[in-house]
Amino acid sequence: MIRHLVLFKLNEGVERDDPRVVAGVEAFRSLEGKIPELRHWELGWNFSDRPIAYDFAINSAFEDTAALRVYAEHPEHQAGVALWREFATWVIADYEF
């Protein structure tokens, strides 16, 4: 199995209630059940006030790297990515478990 973690940092001056952010969260929330390769899907807002913390996280799992690739290239996923590019930066980690 492959774990795919994504941590998002909102750009300076962008708040969670910004309509773009709300649309971005909904775009990713709606992926559950739309992409058959997704084996596990969870997301949520960070509540830590530590300065090194990111703002939003996605934790997902896939059978293998081929399934992860299908997900990454899926049009619904790419639509969400396009939204998030407008107001955030992110880091990812993919590893076997």
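Biologist: Hi! Is serine 60 buried or exposed?

Modeller: Serine 60 counts as buried, because its relative accessibility is 0% and the cut-off for buried is under 20%. Bear in mind that this is a predicted model.

Biologist: Good to know. Which strand does serine 60 lie in?

Modeller: Serine 60 belongs to strand β3, which covers residues 56-62.

Biologist: And which residues is serine 60 in contact with, leaving aside neighbours within four places in sequence?

Modeller: The contacts of serine 60 are Ile2, Arg3 and His4, together with Leu38, His40 and Trp41.

Biologist: Let's zoom out. How many helices and strands are there in the protein chain?

Modeller: The protein chain has three helices and four strands. Starting at the N terminus, their order is β-α-β-β-α-α-β.

Biologist: Why is the chain described as being as compact as a globular protein of that length?

Modeller: Its radius of gyration is 13 Å, and the globule rule gives 13 Å for 97 residues, so the chain is as compact as a globular protein of that length. Along the principal axes, the C-alpha atoms fill a box of roughly 35 × 25 × 15 Å.

Biologist: Back to burial, then. What share of the 97 residues is buried?

Modeller: Buried residues account for 35% of them. As for the surface, the chain exposes about 6000 Å², with 54% of that supplied by carbon and sulfur atoms.

Biologist: One more topic, charges. How many positive and negative side chains does the protein chain have?

Modeller: There are 10 positive and 17 negative side chains, and the centres of the two sets are 1 Å apart.

Conventions: Residues are numbered from 1 along each chain as its sequence is written. This is a predicted model: local features need pLDDT of at least 70, side-chain atom pairs count only at pLDDT 80 or more; totals for chains, interfaces and linings use all residues. Side-chain values use heavy atoms; hydrogens and water are left out. Helices (H or I, at least four residues) and strands (E, at least two) are DSSP runs, numbered from the N terminus. The radius of gyration is taken over C-alpha atoms; the globule rule is 2.2 Å times the number of residues to the power 0.38. Buried means under 20% relative accessible area, exposed over 50%, partly exposed in between (1.4 Å probe, protein chains only). Accessible areas come from the Shrake-Rupley method with a 1.4 Å probe; for residues, only the protein chains shown count as cover. Lys and Arg count as positive and Asp and Glu as negative; His and the chain ends are not counted. The place of a charge is taken as NZ of Lys, CZ of Arg, CG of Asp or CD of Glu. Contact means heavy atoms within 4.5 Å.
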